[in-house]
Amino acid sequence: MIRNYLKVAVRTLLKNKGFTFINILGLALGLATCLLIIFYVVDELGYDRYNTKYDRIYRVNTDITDNGTVSSYALTPTPVADALNRELPEVEKAMRITPAYNIRFKKGNEIVREDGTTFYCEAGIFDIFTFPMLSGDPKTALTEPNSVVINESTAKRYFNRTNVVGETLFLVTDSTTHKITGVIRDMPLQSHFKANFLMSCNPVNKGKWNSLSAFSTYVLLKPGADYKRFETKFTALMKSNLNAHPLDGKKPKSLNQYLKFSLTPLKDIHLKSNKLWELGTNGNIQYIYIFSVVAIFILLLACINFMNLSTARSANRAREVGVRKVLGSSRKHLIFQFLAESLIVTFVAAFIAILAAWTLLPLFNHFSNKELSITFQILIWLLPALLIIVIVVGVLAGSYPAFFLSAFQPIDVLKGKLSAGFKGGALRNILVIFQFSISIFLIIGTLVIYNQLNYIQNKDLGFNRSQVLTINSVNTLNNPQILKQEIKQIPGVVNATLTSYLPVGGWRSAGSISADQKDEQSTTQFWKVDEDYLNTMDMKLKEGRSFSAQLKTDSTAIVINETAAKMLGYTNDPINKPLYSGTGNDAKKYTIIGVVKDFNFSSLRDNITPLVMVIGDSWVARLSVRVNTHDLRTTLAQIEDKWKTVAPNEHIEYSFMDEDFNALYRTEQRMGNLFIAFTTLAIIIACLGLFSLAAYAAEQRNKEIGIRKVLGAGVSTLVAMLSKDFIKLVFISIIIATPLAWLVMNKWLQGYAYRQNIQWWVFVVTALATVVIAFVTICFQSVKAAMANPVESLKNE
């Protein structure tokens, strides 16, 4: 019986090749898109789960409240880890880790920069995280000063082998030799931080409870520990320690009003944490929700196509059903027959979808910045999951046609009472509306995203990021000032400034200031710059002047931004007013010489915060150079020559500030590109269905069209008649989808402090584009039917 079902199903599908092709194509596109999104979502949700104890690992966070503004940090005061180890029995281990900056190791005659993948940490890291060690003892690997553990790839890069325990690495930064005490396997890509070097940092300075350190603190709970009870004890412990330490510069003597501690599970860090000073670049759980919904929508579009096309063909297959019932077929057998056809189409579409997903995976990786691949481990869960999806989709897509067609009464069918044509398909109309509502929603979402990205690219940030070259690691030079002066002599150079504090990708440092020595101190960004900073960055002064190398008094001068002036209460002229940093005998007095116009120095998601700048010669890692673009290649070559004269053994590393700025929003740009791709696929799938429905509507009204042509109806009249029913559905979709899209995308825009409000033209363009796309799709079949010879449709009447 099953063999007969399959044989008849295959014959029927081959008999209607156009219908079969469109159904398979639509389902294959939907399933392939769904698979790619599943790969992405599974990869994102799998971060840090390679750690065997991931469900017991937490990171401690610090929230600092000042002037009503809450800043969240992935850092803690230094004593937190010791307090957890000492006072909470639920804790198995707590340890500290911090990124190492300006790391330069010597490799033969070459000096190699290893920033971004080097960390100082305590020996307890191997008790918490799962870092399989190829050689060395994890219990003692980082207990001695100047010891380092490297990963497998780094060992091969430096020594061309992995058995390197006992070898040494020379750290150029501080001229120290570090002994390699262990080699670990390369960390999986699904980790919220990537480490090539783990350097010992014992002993850690005990620090103070009232100051944030550079360390992130991780804690491992004992097996079976009650997290809720631990959280309660943790909160009480933090409060008691804070109460025991006064906060300098604050009137209340309790830190609890300013510092709050919280815990983030390790598995949530990548997608649910976006705090300051994260160890790596994290993802966003919102994108997981968005793409998951998009995958479901696109799969639903493909299923709706199948259901619509099958029910639209009901008139063509009505006589078949009637004859089968007269010959004794039961409704159950007819249902099985139609479900068999549906499942065959779905299985073929699934096979094509797997091939398409495998083929498109490299392109998808490029757009999503992933390194996804179809491995054996993925196939273990993918094939069963895909089988379930195929069966569910096949049954779902074929269920309505199966039950609808099998319910026909033979007497009505054979009398021709069921050839009602396109009209009267209420469910089919609802499904078409649903299809186009999804497509319209995605089009509006795509336009809003790109409008916001365009706003970010063109917004006046308060400084000119164009034509600024940033040279990294100039602190490795004996005298960076010599390089600066040499580069300023190059004809193509406008100006240059030495500082690590840059509005894009630079250091950030918090300080405290007050207008009166007796006043409570307010937290602000505290930047150390040189006399050429404002001119090089092309920042505009609202009042006063910039720093001057000729004025010795500028050693105590300070420039503040507009937000800082408002915070301090300077509504009128603040020039020459005093400012104090610190309290008591440690307080330093500054004199305001200028107010710089507000400029964005963090993400456009955040409001501009108070900032002050002083002349300083602290640790400087970057030289920023404003250049002319008239002959950029020659200018760059001359800058490289100047570098080689002062650092012949080191490679110059530089970037352009506008590129660094674009990198801050690369995730949004990638997501925008993916959104466009998915929206395009959704439109294609919806149009495939509309194309076929228009074909069947024209076929079912074939005789009516012939009669109207005989009576003198023109092609335009017939096209309008065949198109109006579909266009009505599109307009209804526009009315339904537009307000929903506005609500959702407006909420998305709330995540940006600086945003472009949704413009009216977005809805107009979407509506026009949808109507035009739908009309063009319908017209192809409508014109074909209107131009057909009426003799062919009426010769049997």
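**A helix and its crossing**

Modeller: In this predicted model, helix α2 and helix α10 make a right-handed crossing, a crossing being right-handed if the near helix is turned clockwise from the far one by less than a right angle, and left-handed if anticlockwise. Residues are numbered from 1 along each chain as its sequence is written, and side-chain values use heavy atoms, with hydrogens and water left out. Because the model is predicted, local features need pLDDT of at least 70 and side-chain atom pairs count only at pLDDT 80 or more, whereas totals for chains, interfaces and linings use all residues.

Helix α2 covers residues 17–45 and α10 covers residues 331–368; helices here are DSSP runs of H or I with at least four residues, strands are E runs of at least two, and both are numbered from the N terminus. The two axes come within 7 Å and cross at roughly 45°, where axes are lines fitted to C-alpha atoms, for helices over the stretch in contact, and angles run from 0 to 180 degrees between N-to-C directions. That angle makes α2 oblique to α10, since angles under 35 degrees count as roughly parallel, over 145 as roughly antiparallel, 65 to 115 as roughly perpendicular and the rest as oblique.

With a relative accessibility of 2%, N23 is buried (under 20% relative accessible area; exposed is over 50%, partly exposed in between, with a 1.4 Å probe and protein chains only). Leaving aside residues up to four places away in sequence, N23 touches N305, F306, L309 and V345, a contact meaning heavy atoms within 4.5 Å.

As for the whole chain, its secondary structure comes to 23 helices and 24 strands, and 50% of its 797 residues count as buried.

Finally, a word on confidence: pLDDT, the predictor's confidence in each residue from 0 to 100, averages 83 over the chain, and 87% of the residues score at least 70. Over residues 249–254 pLDDT stays under 50, and the model has 15 contacts for this stretch beyond four places in sequence. Residues 420–424 are also below 50, with 11 contacts beyond near neighbours in sequence. Where pLDDT is low, the predicted coordinates should not be read in detail.
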